[in-house]
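Dear colleague,

I am passing on the structure below, and after it you will find notes on what was found. Please read them with the model open beside you.

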Amino acid sequence: MQKIRIFTDSCADLGDDIRTKFDIDYFKMCTIDEGQEAPADLGDEEGIRAVYEKIRRTGKRILTTQVPAAEFEARMREALQGGSAILYVGCALPLSSSVNTGAMVAEKLCGEYPDAVIRCVDATNCSLGEGMLAVYAATLRDQGYAIDDIVSSLEERKHHINQFVTVGSLDMLKKAGRVKGSAAFFGNLLGVKPIIISDYNGQNVPIVKVKGRRASLDKLIELTKEAVIDPAGQTVYIAHADCAQDAEYLRNELIEKVGFKDAYTYYIGPIVGACIGPDAIGVWCVGKKVETSV
């Protein structure tokens with residue numbers, strides 16, 4: 001059977017440990033800070049923390065790019081020359097056009113390599129929601145599933161990934177414009193923390209407002225408990241923007257009170273982090289079908 005290479009991108013927020021365990025690679029997006037462009041490395045924890053320190057210190061937004069076409073072409077070509085099929089699980093299309101760029105590069109390469117097999121899937125999620133789908137794809141691959149069967153399973157699974165995220169400050173969200181309807185929803189509310197979901201199409205949408213940090217963390221737990229299906233049979237995913245103590249609180253509460261078998265915790269990486277800002281934190285699980293769309 002042809003080997004399948006699983007790729008995601010810098011928005012997936014998977015650390016070196018889990019990517020190594022499941023043999024997942026990724027295409028790198030870039031950050032742009034004071035005119036300097038740099039690849040967004042998910043394994044560089046020091047570099048990720050530096051993004052948040054810079055934002056805290058200056059209040060300035062760090063810009064981001066999609067995956068460059070040249071990055072797609074070089075990495076895909078390498079995999080094809082090694083005889084592998086390629087499955088790319090990409091960031092939600094409303095947030096990044098990378099999955100479309102990947103598909104265009106794939107079409108070009110399939111013209112050069114007649115036997116090439118390349119599939120590009122819009123995760124309709126970002127951060128660890130996207131990462132969870134890459135892990136799921138790798139699990140199915142390792143169980144011997146064919147690539148098109150994996151794609152079909154991903155298309156179903158992606159609408160059952162439930163995201164609940166809150167932020168440290170509204171500033172970066174306003175500057176980045178990454179949350180649908182944010183201006184009307186947020187207004188000039190002082191000390192209010194929105195809870196943000198990823199809707200059916202992958203757009204980030206605020207659904208409720210909570211007063212205070214601890215209350216917002218507890219709301220994440222409450223909403224996760226309401227949405228999850230079979231917590232004892234799955235790992236809950238937690239990502240944080242340099243607020244490890246809050247992530248540990250969520251981990252303990254979600255395992256003890258919701259009943260997850262385990263938790264995976266990592267940083268919100270440099271791409272998502274530059275858009276959402278320091279002290280953001282989120283929870284992702286498999287649960288009820290996400291029906292909301294805007």
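Strand 3 (residues 30–33) and strand 4 pair in the antiparallel sense over 4 bridges, where strands are DSSP runs (E, at least two residues; helices are H or I, at least four), numbered from the N terminus, and pairing requires at least two DSSP bridges. Within this pair, Cys30 stands opposite Pro39 in strand 4. The open sheet to which they belong has 3 strands in the order 4-3-5, with antiparallel pairing. Because strand 4 (36–39) and strand 5 (63–65) stand at the edges with a single partner strand each, one side of each has no neighbour in the sheet.

This is a predicted model, in which local features need pLDDT of at least 70 and side-chain atom pairs pLDDT 80 or more, while totals for chains, interfaces and linings use all residues. Residues are numbered from 1 along each chain as its sequence is written, and side-chain values use heavy atoms, without hydrogens or water.

The largest pocket holds about 540 Å³ of space; a pocket is an open set of points on a 1 Å grid over the protein atoms alone, with protein on both sides within 12 Å along at least five of seven lines, a cavity is a set where a 1.4 Å probe fits but cannot get out, and lining residues have an atom within 4 Å of a point. Volumes are the space filled by probe spheres set on the points, which are joined across faces, edges and corners. Of the 24 residues lining this pocket, Val135, Arg157, Gln234, Thr235 and Tyr237 lie nearest its centre, and helix 5 supplies the largest share of the lining, 6 residues.

There is 1 cavity of 30 Å³ or more, with about 40 Å³ of space in the largest, whose lining includes Lys158, His159 and Asp199.

Best regards
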